[in-house]
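Dear colleague,

I am passing on the model we spoke about, together with some notes on what came out of the computed analysis. Please look through the structure first and then read the notes beside it.

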Amino acid sequence: MSTPNAPTTPAPRLLHHQVDGPLTGPPLLLGPSLGTALSVWDAQTAGLARDHRVVRWDLPGHGGSPAGLFPESGGVADLSRQVLRLADALGIDRFAYAGISLGGAVGTWLAVHHPDRITSLALVCSSARFGDPQAWHARAALVRAEGIGPVADTAAGRWFTGDFADSPAARAAAADLRDVDPHAYASLCEALAAYDLRGDLHAVTAATLVVAGRDDPATPVAHARELADAIPGSTLLELPGASHLANVERPLPVQAALLSHFTAGGAAGTDDASRHTAGDAVRRTVLGDAHVDRAIARTTPFSAVFQDFITRYAWGEVWTRPGLDHRTRRCLTLTALVARGHHEELAMHLRAALVSGDLTPGDVQEVLLQAAVYCGVPAANAAFAAADRILADIGNTPEETR
């Protein structure tokens with residue numbers, strides 16, 4: 001007579017997630033903002049995943065995560081425990097963490113209540129308290145009554161500046177919001193209403209980077225400054241021309257700041273190897289993979305020591321610093337190259353800035369006019385000629401080959 005199998009307890013469901021990068025790399029978890037899917041991190045994932053094991057996850061009722069993972073009366077603590085459960089299931093004990101808005105609140109809660117799990121922390125457009133609780137309760141009631149549509153219709157104005165709100169990236173983010181489960185969204189709104197860690201920020205011991213968009217109406221710069229002032233030893237980066245989803249609107253400066261924080265100054269330490277790794281990643285962000293690959297291919301045994309030097313020193317120590325964003329550093333670099341007459345380097349940096357979109361032709365025009373006043377008209381004349389040639393060449397180059 002056969003014995004029936006003993007009943008088994010089903011394994012708890014996990015937040016939907018995606019893993020990128022080397023499995024042996026230091027783990028880095030990325031948390032999304034309310035109303036977005038894990039794709040909100042698309043612009044930074046490739047750069048971060050060169051050396052990190054990057055784990056992106058979806059909020060309950062967002063993307064691929066079931067709405068039922070979040071209890072009706074749950075709080076940020078419940079969501080944070082779901083993230084720990086995911087890390088445990090992936091065999092990750094200690095990890096670096098970056099989160100946007102609500103995703104940042106999760107990271108702050110973990111850093112306060114589970115400091116042994118967090119190696120370093122980045123809070124992007126986040127807060128220790130997300131404004132008037134009544135506003136969140138009102139939004140929850142609206143979504144429960146009318147669905148996600150009214151919130152989705154106005155999302156672009158909360159998430160992006162006016163010039164960016166109609167971009168393909170902005171439209172893609174808004175489209176993700178329309179697929180969100182309204183009841184899960186409402187419950188998460190109520191979790192934000194109840195969230196307040198202002199009195200606990202002093203307990204954060206992880207190295208912390210705070211990133212703010214200066215045009216963010218959802219979590220104004222004052223919220224970021226409150227975080228940075230209260231978290232011991234933290235660094236604050238304020239990005240002009242960025243709203244609530246600053247990593248979508250200003251992807252390169254945010255990526256550079258995260259690379260610097262997590263690779264050079266955060267989880268991976270500050271030895272020569274770490275500086276080289278961080279420098280290579282930022283160099284590729286600024287100049288493009290194709291240029292860096294060509295430079296490496298041309299390296300000889302004689303010049304290898306110099307390539308290592310500039311990767312560690314210029315790119316790994318200076319360009320990775322969060323005090324200035326990449327747009328500002330590009331402008332300063334162009335001015336210095338004009339002044340010194342380094343035309344080959346000037347052309348390289350002009351092309352990289354224009355192709356990346358970090359500087360527009362109008363930005364370059366202003367930089368070169370400024371240089372004409374302080375560096376001399378002949379120097380600026382040569383620079384304008386170089387910029388004209390590059391703009392003509394870019395205009396005649398198919399976009400997919402740039």
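Predicted model: local features only at pLDDT ≥ 70, side-chain atom pairs only at ≥ 80, totals over all residues.

The strands

Helices (H or I, at least four residues) and strands (E, at least two) are taken as DSSP runs and numbered from the N terminus; two strands are said to pair if DSSP finds at least two bridges between them. On that basis strand E2, residues 27–31, runs parallel to E4 and is joined to it by four bridges, and besides the pair already mentioned, Leu29 has Tyr97 of E4 as its bridge partner. E2 also pairs in the parallel sense with strand E3 (residues 53–57), again over four bridges, and there Pro27 is partnered by Arg53. Strand E4 in turn is joined to strand E5 (residues 118–124) by five bridges, the two running parallel, with Ala98 of E4 partnered by Ala122 of E5.

Two crossovers go with these pairings, where right-handed means that, with the strands pointing away from the viewer, the path from the first strand over the helix to the second runs clockwise. E2, helix H1 (residues 42–48) and E3 form one right-handed β-α-β unit, and E4, helix H3 (residues 102–113) and E5 form another such right-handed unit.

As to burial, I use buried for under 20% relative accessible area, exposed for over 50% and partly exposed for values in between, with a 1.4 Å probe and protein chains only. In a regular strand the side chains alternate between the two faces of the sheet. In E2, Pro27, Leu29 and Gly31 lie on one side and Leu28 and Leu30 on the other, and all of them are buried. For E4 (residues 95–100), where six of six residues are buried, Phe95, Tyr97 and Gly99 point one way, while Ala96, Ala98 and Ile100 point the other.

The C-alpha atoms of Gly75 and Gln134, which are 59 residues apart along the chain, are separated by 16 Å.

Cavity and pocket

Both terms refer to a 1 Å grid over the protein atoms alone: a cavity is a set of points where a 1.4 Å probe fits but cannot get out, a pocket is an open set with protein on both sides within 12 Å along at least five of seven lines, and lining residues have an atom within 4 Å of a point. Grid points are joined across faces, edges and corners, and a volume is the space filled by probe spheres set on the points.

The structure holds one cavity of 30 Å³ or more, and the largest cavity has about 50 Å³ of space. Its lining has 11 residues, with Pro253, Ala256, Ala257, Arg321 and Leu324 nearest the centre, and helix H11 (residues 251–264) supplies the largest share, three residues.

The second largest pocket has about 630 Å³ of space. Of its 21 lining residues, Arg283, His291, Ile310, Glu345 and Met348 are the closest to the centre, and H14 gives the most to the lining, with five residues.

Cysteines

Taking a disulfide as a pair of cysteine sulfur atoms within 2.5 Å, a search of the whole structure finds zero. The sulfur of Cys189 is 18 Å from the closest cysteine sulfur, that of Cys125, which is too far for a bond, and Cys189 is buried at 0% relative accessibility. For Cys375 the closest cysteine sulfur is in Cys331, at 13 Å, also too far for a bond, while Cys375 itself counts as partly exposed at 25% relative accessibility.

With best wishes

Key
Residues numbered from 1 in each chain as written. Heavy atoms only, no water.
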